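Good morning, and thank you for making the time.

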Amino acid sequence: MASAQVQAAVPDVRLAGQGQMRFLGLRIYDARLWVGPGFEAQAFAAHPLALELTYHRAFRGQAIAQRSVQEIQRQRALSSEEAERWTAALAQWLPDVQAGDTLTGVYLPGQGMQLWHGNQELGGLPDTELARHFFGIWLSEQTSEPSMRQALLAGIAGDVP
């Protein structure tokens with residue numbers, strides 16, 4: 001069942017899919033994608049959605065921010081200024097996590113994104129372009145992890161190439 005914050009942010013939310021990120025055989029996190037009615041994978045940025053990541057390892061927020069911007073750079077070229085600005089914005093926003101912690105990001109088209117660490121709201125990021133590319137790490141066709149994308153979108157019948 002979706003958390004209260006996801007249910008409040010995404011009307012008529014349902015679980016689209018889930019997957020596990022592994023690196024060199026190590027479990028990194030479990031991911032669950034929540035979407036509303038009419039969600040289309042090809043146009044994910046046009047729909048509110050929520051992504052829950054439950055970590056199996058400890059990571060510093062700064063390291064998560066740096067890795068996130070590296071993944072965004074797989075989707076589109078970023079100037080060094082843009083990469084630095086986005087890394088700094090994410091590093092201020094993303095907390096350090098421990099094994100068992102859950103981060104829930106909510107994407108709101110035209111508004112940006114919100115983040116929760118467990119049940120604690122960490123606030124929002126109003127940069128709509130950063131928000132779109134951040135969620136594109138998992139949902140863009142240019143993702144570095146196409147099997148994770150496919151698992152997250154498994155419940156979206158006939159919409160995933």
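Let me begin at one end of a helix: D127 caps the N-terminal end of α4, with a side-chain oxygen 3.1 Å from the backbone nitrogen of E129. That is a polar contact, meaning a pair of N or O atoms within 3.5 Å; within protein, one must be able to donate a hydrogen and the other to accept it, and residues adjacent in sequence count only if both atoms are side-chain atoms.

Before going further, a word on the source. This is a predicted model, in which local features need pLDDT of at least 70 and side-chain atom pairs count only at pLDDT 80 or more, while totals for chains, interfaces and linings use all residues. Residues are numbered from 1 along each chain as its sequence is written, and side-chain values use heavy atoms, with hydrogens and water left out.

Helix α4 covers residues 128-139, and its 12 residues reach 16 Å from the first C-alpha to the last, close to the 16 Å expected at 1.5 Å a residue. The expected span is 1.5 Å times one less than the number of residues. Helices (H or I, at least four residues) and strands (E, at least two) are DSSP runs, numbered from the N terminus.

How many of the 12 residues of α4 are buried? Nine of them are, so to speak, out of view: the helix is mostly covered. Buried means under 20% relative accessible area, exposed over 50%, and partly exposed in between, with a 1.4 Å probe and protein chains only. Among the buried residues of α4 are H133, F134, F135 and W138.

**Aromatic rings**

A search of the whole structure finds five aromatic pairs. Rings of Phe, Tyr and Trp (its six-membered ring) pair if their centres lie within 6.5 Å; planes under 30 degrees apart count as stacked, over 60 as edge-to-face and the rest as tilted. F134 and F135 form an edge-to-face pair, 5.6 Å centre to centre with 85° between the planes. F134 and W138 have ring centres 5.4 Å apart and planes at 70°, so this pair is edge-to-face. F134 and W138 lie four residues apart in α4, about one turn of the helix. Relative accessible area is 8% for F134, and F135 is buried at 2%. Ring pairs link F134, F135 and W138 with Y107 into a cluster.

**The strands**

I turn now to strand β3, residues 49-55. Six of its seven residues are buried, so β3 is largely enclosed by the rest of the structure. Two strands pair if DSSP finds at least two bridges between them. Strand β2, residues 26-35, pairs with β3 in the antiparallel sense over seven bridges, and L33 has L51 as its bridge partner in β3. Strand β4, residues 102-108, also runs antiparallel to β3, joined to it by six bridges; there, L53 has L103 as its bridge partner.

L49 is found in β3 and counts as buried at 0% relative accessibility. Contact means heavy atoms within 4.5 Å. Not counting residues up to four places away in sequence, L49 touches several residues, including L33, F44, Y107, F135 and L139.

F44 itself is placed in the loop between β2 and β3, and is buried with a relative accessible area of 10%. The C-alpha atoms of F44 and F135 are separated by 8.8 Å, although the two residues are 91 apart along the chain. Beyond four places in sequence, the contacts of F44 include L49, R132, F135 and G136.

**The core**

Which residues have the most contacts inside the largest nonpolar core? They are Y29, L33, L49, L90, M113 and W138, in a core of 41 residues. The largest share of this core, seven residues, comes from α4. A nonpolar core is a set of buried Ala, Val, Leu, Ile, Met, Phe, Trp, Tyr and Cys residues joined through side-chain atoms within 4.5 Å. A second, separate core has nine residues, including A2, V6, A50 and W116.

**An exposed loop residue**

L24 is exposed, with a relative accessible area of 77%. Its phi is near 50°, a positive value in a residue other than glycine.
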